[in-house]
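Subject: Structure handover

Hello,

Here is the structure for your files. My notes follow below it.

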Amino acid sequence: MYVECYDEQGAQAYEKILRYTLQDLKLAKAINGIKIFIEPRDAVFIGVIRLAPPSAPIYLKDMATYKMEDGILKIKIDKEDYTPDLLRELWKKEGRANVAQPDRYKIEVKDPSFNPDDFLVINPYKELKRKVYDAILRIVPEGFRISHNRSERDMVCLLCSDQIIDESWYAKFDEIIEEVRNEVKFRK
């Protein structure tokens, strides 16, 4: 983790905020590299975070047993921790009216339109990326509403400002993206 700023005290303050934010969101082990660049004189913030490979996805078959009976998919929950995620995905796919939960260990889906054998309940990569965006947006200075996003598969890359971003900052943005992509070791 590295925060670059002409103001050493400002850099230390941002590093502390970044550490607390990552700790709060339980992201420390999910990140392979971070560089934050701040230029308060020009109102520029650059944040580049490289993600670690996420854990395996959770499918319906990983958390429950199920069977089809008279056009109804009957699901018996084995791992209750994932029930809220399962319900959310079922509601998105089938609508609330077609999903019933008679008790905390049973869910029934009328005429499901999906194959239960490959129904994805949790996509850890998507969740990880959502949390990383949450983290970076927590540390972007207030009022920096103009942003340029160059995120890609395993990286979250944001250039933000409170004014129109001068073209000269895009070169610095590219430089920081390459540093993080190429696993440059930053000071601790």
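Two strands pair if DSSP finds at least two bridges between them. Helices (H or I, at least four residues) and strands (E, at least two) are DSSP runs, numbered from the N terminus.

This is a predicted model: local features need pLDDT of at least 70, side-chain atom pairs count only at pLDDT 80 or more, and totals for chains, interfaces and linings use all residues. Residues are numbered from 1 along each chain as its sequence is written, and side-chain values use heavy atoms, without hydrogens and water.

The overall picture: the protein has 5 helices and 11 strands. Its C-alpha atoms fill a box of roughly 70 × 30 × 25 Å along the principal axes. Buried residues (under 20% relative accessible area, 1.4 Å probe, protein chains only) make up 44% of the 188 residues. Of the contacts (heavy atoms within 4.5 Å) with a separation of 6 or more, 58% are between residues 24 or more positions apart.

Strand β3 (residues 44-51) pairs with β11 in the antiparallel sense over 7 bridges. There, Ile 49 stands opposite Val 156. Strand β10 (residues 146-149) also runs antiparallel to β11, joined by 4 bridges. His 148 stands opposite Leu 159. A hairpin of 5 residues links β10 to β11.

Best wishes

Terms used:
Buried means under 20% relative accessible area, exposed over 50%, partly exposed in between (1.4 Å probe, protein chains only).
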